[in-house]
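Reader: I've just opened this one up and could use a guide. Can we walk through a few features together?

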Amino acid sequence: MSNHVNRRFFVAGATTAGALAVTGVPAVAMTTASATSLVDKVVADINKVIASGQSEAQMFSAFENIFSRYADVPTIARYALGVEARSASKSQLNQFSKAFQVYISRKYGRRFREFIGGRIEVGSAKEVKSFFEVKSTAYLQGRSPFEVTFLVSDRSGKDLFFNMFIEGINMLLTERTEIGAQLDKRKGNLDQLIKDLPSLG
Amino acid sequence: MRIFANISRPVSKIGAIGLVGLLAACAQPAPGPSGFHDPNEPRNRKIHDFNRKVDQAVLRPASGAYGSTIPKPVRTGVSNFSSNLGLPSAVLNNLLQADLRGAVHNTTRFFINSTVGLGGLFDPASGAKVYEVEADFGGTLAKWGFAEGAYVELPLAGPSTNRDAVGLLVDLVTDPVGQVLPRGEKYIATTTTVLDAMNSRYTFTDTVDSVLYESADSYAQLRLFYLQNRRFELGEEASADGVDPYSDPYFDPYEDPYE
């Protein structure tokens, strides 16, 4: 699997400018510094929200802003949908992505609510294959510090994070498992899931 | 989530007797880096339903009552006390894992909190950035080269693996604090462990509820959480590049997602 992926990216890299023009990947390459600066912004915004003492509803909308600004939501949504994404229509995918954004912001907003009184500090970054891994540490009251890792890519056209690991727990895998189960529960009815998703977070 | 581990470890100390049957299989082949080896899924799911019922009927309401009646500083003190008593066992495992630094760290922490922290009720060590270096016998077995084995959900104790279930039992039997304490004090220690679990259940109630009661498949979510978190703790996780949505078999990575 990883060899296969390697080869694929090698080929992608080797075709350089021509491929870049076709795929719309920007000519300015992402660097460790630019990936770190994205995560710096994400973390600064999260820290601001958890220190703000806002109401739950205000916090959810603040987190939705963070997700829509700094995360590659369409790609995350599509990955979460898994094999179903193949048979979905373009408009279904768009609607799913929008619903997913609300769902994910509420769900992870609630997680971050437990961070109130704590803070996150950005640590080291390194290049992994075609993307960057930026580590950060969460310091919460009454708990040992733990690691939150962001994966950042510019494949969408700009630097955005597309995955997050909280203490090793992979958001993409978690959501693919959950969205798959939610679809099963609705006998594979994607339109019904799109309708329900915003209130599931 | 460490929350689940926090809940499961102490609770298991009460109900560990039923584990013996599950200890055999540490020699099973290791699963792939992202694969879950869960050959007993039907049985595990039954136990999961049982655990959920226990949570709903007992743990959740009891911890709600505990959290809402006992002031936070008292609860924190009880939890500090309980986790301080867990340190000697962690040191033992640090040593078994040849982690001298961890052993020194945890020993320092134990002495700071036992003295300045008034017997462990307070946690001045964390203030001085001397955090616990977590270690248990499941981790020791991993260090010694034993494979993870199958995923198991244990009655009352929750998610585990063959290897961690063995570790749990060994930690229970070999706990240095348990060896030293007279019977009466042992009950106090056990009680604070239970109260600490209830405090975690109360503090993280939103997250625990969202997994146990709002997920469409709480069994699958809990399994994913436990195994990923545990492998991460033990340094056995699949590397970060294990999942690349841009080269996912389910869609063409070169297709523009914004179209």
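Author: Helices (H or I, at least four residues) and strands (E, at least two) are DSSP runs, numbered from the N terminus. This is a predicted model, where local features need pLDDT of at least 70, side-chain atom pairs count only at pLDDT 80 or more, and totals for chains, interfaces and linings use all residues. Residues are numbered from 1 along each chain as its sequence is written, while chains are lettered from A and ligands numbered from 1 in the order in which they are written.

Reader: What is the phi of B:Lys129, and is the residue buried or exposed?

Author: Its phi is positive, about 65°, although B:Lys129 is not a glycine. For burial, count other C-beta atoms (placed from the backbone) within 10 Å: 20 or more is buried, 12 or fewer exposed, in between partly exposed. B:Lys129 has 7, so it is exposed.

Reader: Which loop holds A:Glu167, and what is its phi?

Author: A:Glu167 sits in the loop between S4 and S5 of chain A. Its phi is positive too, about 50°, and it is not a glycine either. With 18 other C-beta atoms within 10 Å, A:Glu167 is partly exposed.

Reader: How do I read two packed helices?

Author: You describe them by the angle between their axes and the distance between the axes. In chain A, helix H5 (residues 73-81) and helix H7 (residues 90-113) pack at about 100°, with axes 9 Å apart. Axes are lines fitted to C-alpha atoms, for helices over the stretch in contact, and angles run from 0 to 180 degrees between N-to-C directions. That makes H5(A) roughly perpendicular to H7(A), the label for 65 to 115 degrees (under 35 is roughly parallel, over 145 roughly antiparallel, the rest oblique).

Reader: Which residues of H5(A) make the contact?

Author: A:Val73, A:Pro74, A:Ala77, A:Arg78, A:Ala80 and A:Leu81 do, meeting partners on H7(A) that include A:Phe96 and A:Phe100. Contact means C-beta atoms, placed from the backbone, within 7 Å.

Reader: How many residues of H5(A) are buried?

Author: 9 of its 9.

Notes: Two residues are in contact if their C-beta atoms, placed from the backbone, lie within 7 Å.
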